[in-house]
Amino acid sequence: MARTVPPRVTSLPAWKALESHHKEIAPRPLRELFSEDPGRAKRMRAEGAGLLLDYSKNRINDRTLELLLELAEGCRLSHHIRTMFEGQHINKTENRAVLHVALRMPKSASLVVDGVDVVKEVHEVLERMERFARKIRDQSWKGATGRSIKNIVNIGIGGSDLGPVMAYEALRFFSDRRLVFRFVSNIDGTDFAEATRDLDPEETLFIVSSKTFTTLETMTNAHTARRWLLEKLKKEESIRHHFVAVSTNAAAVSSFGIDTSNMFGFWDWVGGRYSMDSAIGLSTMIAVGPENFREMLAGFHAMDEHFRNTPFARNLPVLMGLLTVWYANFFKSQTVAVLPYDQYLKRFPAYLQQLTMESNGKHVHLDGSPVDTATGPIYWGEPGTNGQHSFYQLIHQGTHLIPIDFIGFARSKNPLGDHHDILMANLLAQGEALAFGKTADEVRADGVAELQVPHRTFEGNRPSNTILAPELTPGTLGALVALYEHSVFTSGILWGIDSFDQWGVELGKVMAVRIIGEIAGKTPQGKVHDSGTAALLDWYRENRKKD
């Protein structure tokens, strides 16, 4: 029986209406939209899971929202949300369920997928993680020589690194300061060398995070760590005191020398970029403690429930996902800037890069046909106020339209004088300046010389969301991450793509394995490369030799 192909989003009446509507609203300045609608700011906001989303400074009006919501209905977004939460195999190319939401369901819940209660399994792993984390934190876990563990080094890559790094930095205020945390991901030996340079092997624990325990970068670094440890501790049995694994490959873990009772598993329905709240978060749990980790899970779950149950017109992830489509497809914006005004979130934009671009950087629909719209935009950003002295010039006066997400908090974890008031004043000022700009007449009124007027004029009309919360806590972080997870899902549904596979990372990896063999002289170079790559390979092989 032929597979039913869902209608393309571009064929829906709402899409056609949005194309016409865009021509009407695009020329209209935000100044005008605000002046003619005094209730706009109060109306264009939504709250959920402890977060406030103000989306009033977007280039939209009520009709825009009406049409975007019609588009969501036309793409059966409600149906797709339900199928994800039910555990249906919505990752079509890998025939898998997509159940990161199960990682944060309460113990009292039950979700049976393919005959297995996955929530029960999740909590069994969580409880094992908690017992282990407590042993490290109370120093009852000893290294091979009887000394307590003081250093924890997480070895992973992609989601096995970006999530733990981001969470550790975001929640550092809550971390046990007696412990040192390092993260190794890059296969560049410098990453490992610098991470371990000042560490004592007798006091160091490595967490090797690889589902298959075959990931090239992770296992190369893991074996280097193994040699580093044994250079001092000598005995192979030391490995079981200084290494644990986050993996599902018990045979490979055991062969490495790790006691499989210290192996923490997860499931094929957890994508790497959605895994920071699984066993991949073991380093996070050790750092902040099981109670704070549980609070983070509760924040994730609160946003899950908001996304699942809230009408779309007040649904934070849905609104953000629809706005992403609005700018990418109608304004032809190619990037989104995420600008957290909190130093603890300095790695949050990097984390979002994988979450958003690995999910929605796709060129074909679910049925394999080419997409007929632009898909995932490029995400980037830095903490405020640093970025203001860097790339904000382009955002304000450049030729690219860059939608922005500002993120801020009412209270600082480190209140020092008026630092936080100044920080938040800058956040609010930037959103206002980007939206409303400064006209040539306003510049002249400041007494600026006419020659300078064009250079000091700001056209404004640069859109932004503002996401606020009382303070950055483990629960807030969970809600914030889930907000972006579900907004990515929303956009992906409208584009008709599979947001949960990542075949784009494979080709270069396969080709690298072949070139590794050629560099090592284990396989002949042959005529398998283009002339440019062959010449570069020849140069490298010649110049890597020591004089």
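1. Helix 18 (residues 440-445) holds both Asp 441 and Arg 444, which lie three residues apart, about one turn of the helix; helices here are DSSP runs of H or I with at least four residues, strands are runs of E with at least two, and both are numbered from the N terminus. The side chains of Asp 441 and Arg 444 meet in a salt bridge, 2.9 Å from N to O, where a salt bridge is a side-chain nitrogen of Lys or Arg within 4 Å of a carboxyl oxygen of Asp or Glu. Asp 441 counts as exposed at 57% relative accessibility, and Arg 444 counts as partly exposed at 36%; buried means under 20% relative accessible area, exposed means over 50%, and partly exposed lies in between, with a 1.4 Å probe and protein chains only.

2. A word on the basis of these values: this is a predicted model, in which local features need pLDDT of at least 70 and side-chain atom pairs count only at pLDDT 80 or more, while totals for chains, interfaces and linings use all residues. Residues are numbered from 1 along each chain as its sequence is written, and side-chain values use heavy atoms, with hydrogens and water left out.

3. The structure holds 39 salt bridges, including one in which the side chains of Glu 169 and Lys 346 meet at 3.9 Å, N to O. This pair links distant parts of the chain, since Glu 169 is in helix 7 and Lys 346 is in the loop between strand 10 and helix 15, 177 residues apart. Glu 169 is buried, with a relative accessible area of 15%, whereas Lys 346 is partly exposed, with 36%.

4. Another salt bridge joins the side chains of Glu 202 and Lys 232, at 3.2 Å from N to O. This pair also links distant parts of the chain, 30 residues apart, with Glu 202 in the loop between helix 8 (189-196) and strand 7 (204-209) and Lys 232 in helix 9. Glu 202 counts as buried at 13% relative accessibility, and Lys 232 counts as partly exposed at 40%.

5. The largest pocket deserves a separate look: about 1100 Å³ of space lies in it. Of the 42 residues that line this pocket, the closest to its centre are Thr 215, Gln 502, Val 505, Glu 506 and Lys 509. The elements that give two or more residues to the lining are helix 7 (159-170), helix 9 (216-233), helix 15 (348-360) and helix 21 (506-520), and the largest share, five residues, comes from helix 21. By class, the lining has 16 nonpolar, 17 polar and nine charged residues. The pocket was found on a 1 Å grid over the protein atoms alone, as an open set of points where a 1.4 Å probe fits, with protein on both sides within 12 Å along at least five of seven lines, and lining residues have an atom within 4 Å of a point. Grid points are joined across faces, edges and corners, and the volume is the space filled by probe spheres set on the points. For the classes, Ala, Val, Leu, Ile, Met, Phe, Trp, Tyr, Cys and Pro count as nonpolar, Asp, Glu, Lys and Arg as charged, and the others, Gly among them, as polar.

6. Helix 20 (residues 474-495) has 22 residues and reaches 32 Å from its first C-alpha to its last, close to the 32 Å expected at 1.5 Å a residue; the expected span is 1.5 Å times one less than the number of residues. Helix 20 is mostly covered, with 22 of its 22 residues buried, and it is followed by Gly 496, whose phi is positive, near 70°.

7. Strand 1 (residues 45-48) has a covered face, Ala 46 and Gly 48, and an uncovered one, Arg 45 and Glu 47. Strand 1 pairs with strand 2 (residues 51-54) in the antiparallel sense over four bridges, where two strands pair if DSSP finds at least two bridges between them. The bridge partner of Gly 48 in strand 2 is Leu 51. The two strands form a hairpin with two residues between them, and Ala 49 in the turn has a positive phi of about 55°.

8. The peptide bond from Gly 384 to Thr 385 is cis, with omega near 10°, and Thr 385 is found in the loop between strand 11 (378-380) and helix 16 (392-397). Lys 332, although not a glycine, has a positive phi of about 60°, and this residue is exposed, with a relative accessible area of 61%.
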